[in-house]
Amino acid sequence: MKNNNAIPPALAEKLLLWFLKEELAEEVLGDLDEKFYATVRHKSVMRARRNYWYQVFHYLRPFALKKYRSKHSNFTIMFKNNFKIAWRQIIRQKMYSVIKIGGFSLGIAACFLITLYILDELRYDQHYADKENIYRVIEETEYMGKDFKNVWFPAPLAQVLENDFAEIEKAGRYNNAELFGSGSKEVRRTDRKLNFYETRFTYMDQKLFDILQYQLLSGSPGKVLSNRTDLVISQRKAEKYFPDEDPIGKTLILNNDEEQVYTIRGVMENPEAIHFQYDFIMSLAGVEFWPGEQNFWGAQNYPTYIKVQPGTDIHALEDKLEAIEKNYLMPAWKQSGELNIEEKAKKTRMALQPVADIHLYSADIEDMLSHGDIRFVWLFGGIAAFILLIAGINFINLSTAKSANRAMEVGLRKTVGSTRRHLVSQFLIESTLFSFLSFSIGILLAYFLLPYFNLLSTKSLVMPWTEWWLWPVLLLSTLTVGILAGLYPSFYLSSFKPIHVLKGKLSRGSKTSTLRNALVIFQFTTSIALIIGTFVIYSQVNYILNKKVGFDKDQVVMLHGANTLEQSRSVFKEKLLQLSSVKSVSISDYLPIDGSMRNNNGFVKAGKEGEEEPVFGQIWRVDHDYIKTLGMKVIEGRDFSSEVLSDSSAMIINRKMARELGFENPIGEKVENFELTRTVIGVIEDFHFESMKGEIRPLCMVLGNSPKTMSLKVTNANMAETLESINLLWDEFSPNQPIRYSFLDEKFAAMYSDVKQMGQIFGTFAILAIIVACLGLFALSAFMVEQRSKEISIRLVLGASLRSVLSLLTLNFVKLIIISILIAAPLAWYAMQMWLQDFTYRTEIGPGIFILSGSLAIAIALVTISYQSIRAALANPVEQLRSE
């Protein structure tokens, strides 16, 4: 049945009738209408409209075009004439044309790649049919004078939200904490022996699965996470483990646990353009991580999402959520012995974050998810605009600088009757031709540079050749950029008065154009600011990687998946210690790098519960050899000892925890945590176990079982031989599981990959900006030499030295660069100081960075203009003065 609301696009129909022969109009319109309504019935209105436009443009062919009257014929002839003139100008001035087109092409390539990046970032979480009704619950708190945001809530919250608030249609939750079994696992089919290491595991309930609208390729909607051992996997994992099979009903064994086998109940589309990037979703149905955990309000481990009724006032709902604190959280705080709960409640608030904002607007929210940052999007966009602007400035500068070369042409054309409008159109056609050539080369450059850009941005972008919007956007951009870049030069050139030109009163190109100098200053100000930013970022990276971090990260090999060794772990450890290249071995999943085990607990002095505010910090389960293996420094007391049985109820704390608990002499003090009392036997020096963007937090270590990772301190001997010996030993103990290892220093450096990435981005675009700016400077210097060639020759004949001629030609440009440095330095200093505020531990921006950046800019500029200057100074004066 035809959709009565769907009609062909009127604009496209008018365009068709404008250029189509009258004798073809009725037949063509009938065919297009028939195809349009057929597409509406079988596809969609959007597809039908798109196809209609495509067919209209398809008729832009000679056989279908109207024969226009003389007015239009004259226009066509004039257009062809202007086009020929523009092309001849390009051919005649090859060097200037190459610089104009080359600079433009680089700017366009950078803009195009950055546009692909921005479009990819903006498409995250836009696929939900009712995204305006889906929200993530956020907790906003003030603690010790600082604002914090996180997504962790007690297990019962989701059900309470659904029951107590009529505005909330559905609430769901997940748990992605590795402490409870999310994160990474060894996986195998039940009918196979070989394990595969997999990441991206999480627990989730059925309601959240429905809220996030995962697209099931197979499985029963609404029932895929109904039972404790239900599992949903992504399409790529289904193809990996069950190629050419139906995975529904098949089973997988996780971490060699044959007592709890997981059954695949659903296969979902691969998660792309969604903030929730997991390949294995385990059911939360019937799961309790400890007895009573699902009804316990004193632990916060579950990010929670809601779907609200259409038309809900979100701000009003956020105000109503204060009842959660009063009715549920405050009683739990009181029961746990916290003080000043009324004051804490005033500083705690529940907010709702739209699901479409999660990917780009969560930089200040602790959620253990990988997402983008809207600041990066703005940064990339700004850099792209500046680079394109720098390229456009080259065009304007060279067009106005070469004005005298076109002055006679303009004068003669005006004398024989050309109007200013015709001249403006001629110069705009010329600039549009430049734009077209630049866009063509720029898109090809973008195609070849895309693999490098993907490495730079950690993306997997592809050229959108088949996207419907690409060619119309490129065409519109070509016209827009061409017109904008040519607008000032066209009005400037067309303003020459014929009488002045023909009498020779027009200057042969301004030698000290204020506008031209200002544009050059803008170019180099932008370039120098990017150079300074690059140096500051790399200085911060160098500071981080070389700062004393409180442990020895070098020569430490980490073996992963050791939990599958089960009862043979201790024997394997002893065998490792027998290797001559292995100094010590520790078993613990708690390591000072991203991706290792973490938690958050409250600690008070023994007997002070209910009297003092708890100190929140980490509790790490380690073995007797942990501190020795990682080279940590015990500054008071002693390390754990296997010979002291009472160490099972002892703890070692860092200096930060000792200070926050108020211990002057911590050794022998007792500390309570969840009704467990432990005795402090040692204090270790503070060490960085999280990003240096934050302060070192309180931490304690206790003896316990966390068996996934073994850390080996090895000698400086042949690393290849050491790894081969470890590999052979692993194969002996775990023949069905490939060895996986990494190095602690590399993992530590990877924690700051985003900072290094930003440095690479700044460096790349700084190089690009300086290249484009120097192209323009090179052309301007060539023009200046050309215009002053006779003056230079006369100076040389009169005895001027090579040095004085070089100074004459370069001094003005050097002045412009120095002005650029003076402008760029404070701007870059302010911007980078703001960036460094994200780091608690940061480098200082010293004068050396500005001196180095300025010297580099001056050196590059001198090299750029020296070629033309030296050539002019060494030229034979007789050749230039022969005509005089």
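A nonpolar patch is made of residues with over 30% relative accessible area and no salt bridge, with nonpolar side chains joined within 5 Å. Keep that in mind as you look at this predicted model, where L475, L479, I483, L484, L487 and F491 form such a patch on the surface. Together these six side chains' residues have about 540 Å² of accessible area. Let's walk through the rest of the structure by topic.

**Domains**

- The protein chain is divided into domain 1 (10-64), domain 2 (76-124 + 374-509), domain 3 (135-366), domain 4 (512-547 + 755-884) and domain 5 (556-750).
- How far apart are the C-alpha centres of domain 1 and domain 5? The distance between these two centres is 71 Å.

**The surface patch and a buried residue**

- L475, one of the patch residues, sits in helix α15, which covers residues 470-493.
- Is L475 buried or exposed? L475 is exposed, because its relative accessible area is 55% and the cut-off for exposed is over 50%.
- V56 belongs to helix α3 (residues 45-58), and with a relative accessible area of 0% this residue is buried.
- Although V56 and A12 are 44 residues apart in sequence, their C-alpha atoms are 6.8 Å apart in space.

**Aromatic pairs**

- A pair of aromatic rings is described by the distance of the centres and the angle of the planes.
- The structure holds 33 aromatic pairs. In one of them, the ring centres of Y174 and F276 are 4.4 Å apart and the planes are at 85 degrees, so this pair is edge-to-face.
- Y174 lies in strand β3 (residues 168-175), while F276 lies in the loop between β9 (262-268) and β10 (280-283), so the pair links parts of the chain 102 residues apart.
- Y174 is buried at 0% relative accessible area, and F276 is buried at 0% too.
- F572 and W730 form another edge-to-face pair, with 5.7 Å from centre to centre and 80 degrees between the planes.
- Since F572 is in helix α18 (residues 569-577) and W730 is in helix α21 (residues 719-733), this pair ties together parts that are 158 residues apart in sequence.
- Both F572 and W730 are buried.
- One aromatic cluster is formed by F551, Y590, W620, F687, F689, F748 and Y752.

**Salt bridges**

- Side chains of opposite charge can pair when their charged atoms come close.
- The structure holds 35 salt bridges, including one between D552 and K713 at 2.7 Å, N to O.
- D552 is in the loop between α17 (514-546) and β13 (556-560), and K713 is in strand β22 (residues 709-714), 161 residues apart.
- D552 is partly exposed at 31% relative accessible area, whereas K713 is buried at 11%.
- E695 and K656 meet in a salt bridge of 4.0 Å, N to O.
- E695 lies in the loop between β20 (676-684) and β21 (699-703) and K656 in helix α20 (residues 655-660), so this bridge ties together parts 39 residues apart in sequence.
- D120, E121, R123 and K459 are linked in a network of salt bridges.

**Cysteines**

- How many disulfides are there? The count comes to 0 disulfides.
- C774 is buried, with a relative accessible area of 9%, and C700 is buried at 0%.

Methods:
Residues numbered from 1 in each chain as written. Predicted model: local features only at pLDDT ≥ 70, side-chain atom pairs only at ≥ 80, totals over all residues. Heavy atoms only, no water. Disulfide = S-S within 2.5 Å. Buried < 20%, exposed > 50% of the residue type's maximum accessible area, 1.4 Å probe, protein only. Domains from an automatic or database assignment. Patch = residues over 30% accessible without salt bridge, like charges linked within 9 Å, V, L, I, M, F, W, Y side chains within 5 Å. Areas by Shrake-Rupley, 256 points an atom, 1.4 Å probe, with all protein chains shown as cover. Helix = DSSP H or I, 4+ residues; strand = E, 2+ residues; numbered from the N terminus. Phe/Tyr/Trp six-rings, centres within 6.5 Å; stacked < 30°, edge-to-face > 60°.
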